[in-house]
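Please read these notes with the structure open beside you. Each point takes up one part of the chain.

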Amino acid sequence: MIRLYDYELSGSCYKVRLMLNFLGLEYESVPVDFVNREHKNDALLALNPFGEIPILEDGDVRLRDAQAILVYLASRYDRTEKWYPHDPASQGRIQQWLSTGGGEVMNASAARLVKALNYPLDLETLHVGANRVLGILDDRLSEHDFLELGRPTIADVACFPYSALAPEGGIDISPYPNLVRWIVDMKNLPEFTGMPGI
């Protein structure tokens, strides 16, 4: 059975849970005490030396990084290739948004950590970075229902959680009406599952 090392309030772990749900896959969730830094203990560092979650195990396969896990799950289990087609052009288009979901969108994640857990980060700088990427997403979504291919793909799954959770980091998303519409559309997808804050 698939095993996910998971923290309920992590948007990155949620990406994986959301994808597992979209694909109808059963899995075992192994709770990780993120607040008390369990992900930095020796046992979990042996699974991921970067000391981060999520970590996914599926038989002999062990993966770290939410975006890599999304690629694996869609490639391994989505026979329709709806979520991650195998043609290079589609993969390239999707991959650029996976990079965004693991990169610039994380400004909103870090702002949330400042607000929720008092992480010693520069909130103003994080807000500037988050608003920049949310503006880019909003522009993209002004002419597209979803980020690529005219339908939901793992690109959307990668960028969705921290965009939707941005208000928890003190970021107002109301200036981004196309983003707000997309968040609602994602929530209305069959097999959607939420998390606290979404």
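1. Contact, as used below, means heavy atoms within 4.5 Å. The model is a predicted one, and the points that follow should be read with that in mind.

2. Start with helix H7. Eleven of the eleven residues of H7 are buried, so this helix is largely enclosed by the rest of the structure. A residue counts as buried when its relative accessible area is under 20%. The buried residues of H7 include Ile154, Asp156, Phe160 and Tyr162. What do the buried residues of H7 pack against? Their partners are H1, H3 (66–77), H4, H5 (106–117), H6 (123–141) and H8.

3. One of these partners is H4, residues 88–102. The axes of H4 and H7 (residues 154–164) come within 8 Å and cross at roughly 15°. Angles under 35 degrees count as roughly parallel, so H4 is roughly parallel to H7. Their crossing is left-handed. On the H4 side, the contact is made by Ile94, Trp97, Leu98, Thr100 and Gly101; on the H7 side, by Ile154, Ala155, Ala158 and Cys159. Of the residues in this contact, seven are nonpolar, two are polar and none is charged.

4. Ser12 is found in helix H1, residues 11–22. Is Ser12 buried or exposed? Ser12 is buried, with a relative accessible area of 11%. Leaving aside neighbours within four places in sequence, Ser12 is in contact with Ile53, Pro54, Ala66, Met106 and Tyr162.

5. A cis peptide bond joins Ile53 and Pro54, with omega at about 10°. Pro54 is placed in the loop between helix H2 (42–47) and strand E3 (55–58).

6. Ser174 lies in the loop between H7 and H8 (177–187). With a relative accessible area of 53%, Ser174 is exposed. The side chain of Ser174 makes a polar contact, at 2.7 Å, with the side chain of Asp172. Ser174 and Ser142 are 32 residues apart in sequence, and their C-alpha atoms are 14 Å apart in space.

7. Please also check the backbone at two glutamates. Glu81, in the loop between H3 and H4, has a positive phi of about 60° although it is not a glycine. Its relative accessibility is 29%, so Glu81 counts as partly exposed. Glu191, in the segment after H8, has a positive phi of about 70° and is not a glycine either.

Technical notes
Residues are numbered from 1 along each chain as its sequence is written. This is a predicted model: local features need pLDDT of at least 70, side-chain atom pairs count only at pLDDT 80 or more; totals for chains, interfaces and linings use all residues. Side-chain values use heavy atoms; hydrogens and water are left out. Axes are lines fitted to C-alpha atoms, for helices over the stretch in contact, and angles run from 0 to 180 degrees between N-to-C directions. Helices (H or I, at least four residues) and strands (E, at least two) are DSSP runs, numbered from the N terminus. Angles under 35 degrees count as roughly parallel, over 145 as roughly antiparallel, 65 to 115 as roughly perpendicular and the rest as oblique. A crossing is left-handed if the near helix is turned anticlockwise from the far one by less than a right angle, and right-handed if clockwise. Ala, Val, Leu, Ile, Met, Phe, Trp, Tyr, Cys and Pro count as nonpolar, Asp, Glu, Lys and Arg as charged, and the others, Gly among them, as polar. Buried means under 20% relative accessible area, exposed over 50%, partly exposed in between (1.4 Å probe, protein chains only). A polar contact is a pair of N or O atoms within 3.5 Å; within protein, one must be able to donate a hydrogen and the other to accept it, and residues adjacent in sequence count only if both atoms are side-chain atoms.
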